[in-house]
Amino acid sequence: VQLQASGGGLVQPGGSLRLSCAASGTIFRIHAMGWYRQAPGKQRELVAAITIRASVNYADSVKGRFTISRDNAKNTVYLQMDSLKPEDKAVYYCNANLITSYYGNYNQYWGQGTKVTVSS
């Protein structure tokens, strides 16, 4: 299983970016997909997550600014980031909680990370 993230870059404060993450390989079912971020010198933190039934969860710091969505048919999760702030600067990692077979156990998989820089 591989998670391929894309969409990071440099944006000015107040700007927008859209991250995408596609899961590929032998996948039976993805329960939840999400985005985490890690700023320099800080621990990795949850940004947003969405379940297969579209239940969502956001970090307080991004509520009202970020929107997570997912395309189950494409095994892809998106993160629309609006009104970006300098404190949003971090490496963003996508995550999937999935099983690879009917009788398998759910495991966590991580993408390679995509860097987001918010600066004027």
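1. Two strands pair if DSSP finds at least two bridges between them, and the strands themselves are DSSP runs of E with at least two residues, numbered from the N terminus. With that in hand, look at Gly9: its bridge partner in strand 11 is Val116. Strand 2 (residues 9-11) and strand 11 pair in the parallel sense, over three bridges.

2. A word on what you are looking at: this is a predicted model, where local features need pLDDT of at least 70 and side-chain atom pairs count only at pLDDT 80 or more, while totals for chains, interfaces and linings use all residues. Residues are numbered from 1 along each chain as its sequence is written, and side-chain values use heavy atoms, with hydrogens and water left out.

3. Now stay with strand 11. Strand 9 also pairs with strand 11, in the antiparallel sense and over three bridges; here Ala90 stands opposite Val116. Four of the five residues of strand 11 are buried, so the rest of the structure largely encloses this strand. Buried means under 20% relative accessible area, exposed over 50%, and partly exposed in between (1.4 Å probe, protein chains only).

4. Next, the largest nonpolar core, which has 29 residues. Such a core is a set of buried Ala, Val, Leu, Ile, Met, Phe, Trp, Tyr and Cys residues joined through side-chain atoms within 4.5 Å. Trp35, Val47, Phe66, Ile68, Leu79, Met81 and Tyr92 touch the most other members. Several elements give two or more residues to this core, including strand 7 and strand 11. The largest share, five residues, comes from strand 9.

5. Ile68 deserves a click. Leaving aside neighbours within four places in sequence, its contacts (heavy atoms within 4.5 Å) include Trp35, Ala48, Val56 and Leu79.

6. Arg70 lies in strand 7. What is the nearest side chain of opposite charge to this buried residue? That is Asp71, 8.1 Å away, and Arg70 has no salt bridge (a side-chain nitrogen of Lys or Arg within 4 Å of a carboxyl oxygen of Asp or Glu). Instead, look for backbone oxygens: the one of His31 lies 3.2 Å from a polar atom of the Arg70 side chain, and the one of Thr51 is reached at 3.4 Å.

7. Finally, find Ser61 in the loop between strand 6 (56-58) and strand 7 (66-71). At 40% relative accessibility, Ser61 counts as partly exposed. The side chains of Ser61 and Arg37 make a polar contact (3.3 Å), meaning a pair of N or O atoms within 3.5 Å; within protein, one must be able to donate a hydrogen and the other to accept it, and residues adjacent in sequence count only if both atoms are side-chain atoms.

Definitions and conventions: Lys, Arg positive; Asp, Glu negative; His and termini not counted.
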